[in-house]
Each structure stands twice: as structure tokens, then as C-alpha cells.
Amino acid sequence: MNQQELEALAAQVGSLFEANGQKLVTAESCTGGWVAQCLTAVPGSSAWFDRGFITYSNAAKHEMLDVEFDTLNTHGAVSEATAAAMAAGALCHSQGDWALAITGVAGPSGGSPDKPVGTVCFSWAGAEGRIDTQTCHFKGCREEVRAQSVEHALSGVLRRAQIMSA
């Protein structure tokens, strides 16, 4: 997806959240705030977007989102456990009803045999306590991995919010 398509997807998310009277919060690592940028590109987003946390370092994940160092040391920054903790922390430290979190290896370096470049972990959390996680393995350069991550995160929260509002 290109930037215009990502922003159109963000607008769909915004329409649903505004109709439901809900707020969204983001916690991003490898995407560096790209999801929040897409969301805030939508006019009127302050009605349904609460805030975004950019927690690139482990220290930031711990300080801003209460991700335990034990989680980071045991599972790694790129893990579903860390993504879930990021989403839960984002909800705890915001006025959000839903949170999405992204942590991954965008490349071109930083990968390992267990977590190669393109490995991205996601979490979506709702105020009702439900937390979903998923790991994807994207192909492409750094920009492509990050764009695919933004699309997947937005599509994921849209799908989950549609199910809960049905």
C-alpha cells in the first residue's frame, strides 16, 4: 500500500471508532510513529485518536508502557509477549478503548536466525481485556516491511473493532 492507501485505511478506522464513540491509542517501535501519522492525517482524528507512544528502545518500552525487563530479556523486544505488554501498557497510560502495538525487525540489519529481517509482532487490545497477538514475516526492504506493518496493524484493529461493534 502507498501512503494515500494507508491514510484511506486509517480513515476507515476513524469512521468506525467515531461512530462507536471509542478512542484508539498506538504503541510503535519499528514503524516509528507511522501508524499515528496515518491516523492523524485524517481530519477530525482528535475525536477518536487519543495518543501514540513511540518506544523504539527497551528502556522506552519499560518507562512509558511498563513492559517488564523480564519480558524483554526472556522473549526479546521482537516477540508477541512484548507486543502484548506494549498494547496493555498503552491502554493503561491513556484514555484509549483500543490499542495496537507493533515491534519488529525492519532491516536491513538486526535480524537473527530466529527472528530474521521482516519479523514483526503485533498486538491489539480492547478495554474489555481481550488481547490478540500475531507474528508476521514480511518481505522487502526496510520501507516495504514498515509499510506492510502499518497496513497489517490498521487492518487488524479495524477487523477486531468491526466484530466487537456488530
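Rings of Phe, Tyr and Trp (its six-membered ring) pair if their centres lie within 6.5 Å; planes under 30 degrees apart count as stacked and planes over 60 as edge-to-face. In this predicted model, ring pairs join F122, W124 and F138 into a cluster. A search of the whole structure returns three aromatic pairs, and two of them are set out below.

| Pair | Distance between ring centres | Angle between planes | Class |
|---|---|---|---|
| F17 and W98 | 6.4 Å | 80° | edge-to-face |
| F122 and W124 | 5.8 Å | 5° | stacked |

**Aromatic residues**

F17 belongs to helix α1 (residues 3-20) and W98 to strand β3, so their pair ties together parts that are 81 residues apart in sequence. F17 has a relative accessible area of 1% and is buried. W98 also counts as buried, at 4% relative accessibility. In the stacked pair, both F122 and W124 are buried.

Five strands form an open sheet in the order β2-β1-β3-β4-β5, and their pairing is mixed. Strands β2 (49-54) and β5 (131-137) are the edges, each pairing on one side only. From one strand to the next, the twist averages 15°. Strand β1 (residues 24-28) runs parallel to β2, and five bridges join the two. Within this part of the sheet, A27 stands opposite F53 in β2. Helix α5 (residues 80-92) packs on the sheet and touches β1, β2, β3 (98-104), β4 (119-126) and β5. The direction of α5 makes about 145° with that of β3.

Strands β3 and β4 run antiparallel and are joined by seven bridges. Here W98, the partner of F17 in the edge-to-face pair, stands opposite G126 in β4. Between β4 and β5 the pairing is again antiparallel, over seven bridges. The bridge partner of T119 in β5 is H137.

How many residues of β4 are buried? Eight of its eight residues are buried. Both faces of this strand are covered. One side carries T119, C121, S123 and A125, and the other carries V120, F122, W124 and G126. The stacked rings of F122 and W124 therefore belong to the side that also holds V120 and G126.

In soluble globular proteins, nonpolar side chains tend to be buried together. In this model, the largest nonpolar core has 33 residues, and L39 and L154 have the most contacts inside it. At least two residues of this core come from each of α1, α2 (34-40), β3, β4 and α6 (142-165). Helix α6 gives the most, with eight residues.

Which residues does L154 contact when its neighbours within four places in sequence are left aside? They are L6, L9, A10, V13, V35, C38 and L39. L39, named in this list, is the other residue with the most contacts inside the core.

Methods: Residues numbered from 1 in each chain as written. Predicted model: local features only at pLDDT ≥ 70, side-chain atom pairs only at ≥ 80, totals over all residues. Heavy atoms only, no water. Pairing = 2+ DSSP bridges. Helix = DSSP H or I, 4+ residues; strand = E, 2+ residues; numbered from the N terminus. Axes fitted to C-alpha atoms, helices over the stretch in contact; angles between N-to-C directions. Contact = heavy atoms within 4.5 Å. Buried < 20%, exposed > 50% of the residue type's maximum accessible area, 1.4 Å probe, protein only. Core = buried A, V, L, I, M, F, W, Y, C linked by side-chain atoms within 4.5 Å.
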